[in-house]
Amino acid sequence: MTVFLFILGLVECALLHLLAMAGVQLGKKEAREQEMAKYAPPGGWPRCALIIPVAGSDPRMEPALRSLLEQDYPGFETFIITREGDEAPLPLIRMLVDEYPGLRHGTAKTAGKCGQKNLNLLTGVAMAGPDCEILAFCDSTHIARHDFLRCLTRPLACDEANFTTGYHIVEPKDSGTTTLGYALSVLFMRFMQAMGSLTQPWGGALAMKRATFEEHDVAKLWQTNVVDDCSLAAHLQRSRIRARLCPGATLVTTAANHALDTWSAWMQRQILFLKFCIPGQWIALGIAIILLLAPPLWALAAMCAGVLGLGGGMPPFLAMCWSCLIFAVMAGWRRFLPFTPGIWLWMTAFFCACALFTWVYLRTIFARGITWSNTTYRVGSGGVVQGIERNAPPFDRGIDAK
């Protein structure tokens, strides 16, 4: 058993190293895409509508929206969509409408059969009209480079893809365990995006041709689903279509004093979206838990046994070797952060992320719903919304597991 667990640990280290190498390649592709985005495609830049669903208030919202409104893309139109009755973001939106003549604000009805974000997106599509050749969708709390929209839409303009997606990185503003753990979790997902067949559309930075939107009846899909991106990912898998990852369209999310319950709620939503929309990948995540958690638990037990003089000397020795290797591999991940945290802080964040991932996954096994922005969606197969409960309790008590 000791040898098996040691080999399992080596496999874990090898996979984490491969993901880090994928991250290095992403950086190179990002630079190339940003260079290419300086030049217009052969037919020029198509007419583009940028649709941004907005809810509530967030101190990151104003700089994020300004970064999107100031994109270096000729003649693009921006549509900010809020839910009726959501007064919190209106003062900011009114100020931005006055400053940016090309910005339009729309209001979506309260969703009754789908996720509120989906209905906001569809309202934006309707406002954009049929003449927009490209539909781009972006979240409202991530900072974009000036060429973000060019990088995201260039493969569409050059007829190299029908769906494109970006992703984001977290820029931690402190060395707290949860802040670093959140940054590490997002890094892991970004590197998974780079693994070819695992690339999935991300609703925070997604674009498609208007003709493709109609051809695949995305409106019908979103009208009944709890989420936009995972539902689209499942549809593309069934149709054997891949979304094109655009590393140049990488957004930045700032995080400071990140709360554990916020991190946990975010992670839980990601896992639940997969459970309801792409159950095969959700099952694969369960297998990944064994790979992530078994080696550190074994290493801890083996070293404790060695200290107490229990058993032979081989298990503690192998456990120490694995510990040194995992520290070395994960130390390399720090290069993707704007600063280099101490190795002990970083490894604490890593092991906390593994533990939280395990705990959160176990909680999703019997869940039948998703709580998002104080609304609980009861969800069936394929992510179809079966019922909605408003003003739900906090997320950690709001999952409908009955």
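The legends below describe close-up views of a predicted model.

**View 1. Helices H11 and H12 pack against each other at an angle of about 135°.**
H11 covers residues 279-307 and H12 covers residues 314-331, and their axes are 8 Å apart. On the H11 side, the contact is made by Pro 295, Pro 296, Trp 298, Ala 299, Ala 302, Met 303 and Gly 306. On the H12 side, the residues are Pro 315, Pro 316, Leu 318, Ala 319, Met 320, Trp 322 and Ser 323. By class, this contact has 12 nonpolar and two polar residues, and no charged ones.

**View 2. Ala 319 is a buried residue of H12.**
The relative accessibility of Ala 319 is 0%, so the residue counts as buried. Which residues touch Ala 319 once its neighbours within four places in sequence are left aside? They are Trp 298, Ala 299, Ala 302 and Met 303. These four are also among the H11 residues that meet H12. Arg 150 lies elsewhere: from Ala 319 to Arg 150 the C-alpha to C-alpha separation is 49 Å, and the two are 169 residues apart in sequence.

**View 3. H1 also meets H12, with an angle of roughly 5° between the axes.**
The axes of H1 and H12 come within 10 Å. The angle makes H1 roughly parallel to H12. From H1, the residues in contact are Thr 2, Phe 6, Gly 9, Leu 10, Glu 12, Cys 13, Leu 16 and His 17. H12 contributes Pro 315, Leu 318, Cys 321, Trp 322, Leu 325, Ile 326, Val 329 and Met 330. Counted by class, the contact of H1 with H12 has 12 nonpolar, three polar and one charged residues.

**View 4. H6 and H10 pack with their axes 9 Å apart.**
Helix H10 spans residues 260-277, and the angle between H6 and H10 is about 20°. The two helices are therefore roughly parallel to each other. H6 passes H10 in a left-handed crossing. Thr 178, Gly 181, Tyr 182, Ser 185, Val 186 and Met 189 make the contact from H6, while Leu 260, Trp 263, Trp 266, Met 267 and Gln 270 make it from H10. Seven of the residues in this contact are nonpolar and four are polar, with no charged residues.

**View 5. A salt bridge joins Glu 30 and Arg 190.**
The closest N and O atoms of this pair are 3.4 Å apart. Glu 30 lies in helix H1 (residues 2-36) and Arg 190 in helix H6 (residues 177-193), so the pair links distant parts of the chain, 160 residues apart. Is Arg 190 buried or exposed? Arg 190 is buried, with a relative accessible area of 8%.

**View 6. Arg 47 and Glu 77 meet through their side chains in a salt bridge.**
The N to O distance is 2.6 Å. Arg 47 is in the loop between H1 and strand S1 (48-53), and Glu 77 is in strand S2 (residues 77-83). This pair, 30 residues apart, links distant parts of the chain. Arg 47 is partly exposed, with a relative accessible area of 32%.

**View 7. Asp 139 forms a salt bridge with Lys 117.**
The closest N and O atoms are 3.1 Å apart. Asp 139 is in the loop between strand S4 (134-138) and helix H5 (148-157), while Lys 117 is in helix H4 (residues 116-128), so the pair ties together parts that are 22 residues apart in sequence. Asp 139 counts as buried at 18% relative accessibility. Lys 117 is buried too, with a relative accessible area of 15%.

**View 8. Glu 62, Arg 66 and Glu 99 form one network.**
Salt bridges that share partners join these residues. The whole structure has 14 salt bridges.

**View 9. Thr 212 is found in helix H7 (residues 210-215).**
Its relative accessibility is 3%, so Thr 212 counts as buried. Apart from its neighbours within four places in sequence, Thr 212 is in contact with Asn 162 and Phe 163.

Key
Residues are numbered from 1 along each chain as its sequence is written. This is a predicted model: local features need pLDDT of at least 70, side-chain atom pairs count only at pLDDT 80 or more; totals for chains, interfaces and linings use all residues. Side-chain values use heavy atoms; hydrogens and water are left out. Axes are lines fitted to C-alpha atoms, for helices over the stretch in contact, and angles run from 0 to 180 degrees between N-to-C directions. Contact means heavy atoms within 4.5 Å. Ala, Val, Leu, Ile, Met, Phe, Trp, Tyr, Cys and Pro count as nonpolar, Asp, Glu, Lys and Arg as charged, and the others, Gly among them, as polar. A salt bridge is a side-chain nitrogen of Lys or Arg within 4 Å of a carboxyl oxygen of Asp or Glu. Buried means under 20% relative accessible area, exposed over 50%, partly exposed in between (1.4 Å probe, protein chains only). Angles under 35 degrees count as roughly parallel, over 145 as roughly antiparallel, 65 to 115 as roughly perpendicular and the rest as oblique. A crossing is left-handed if the near helix is turned anticlockwise from the far one by less than a right angle, and right-handed if clockwise.
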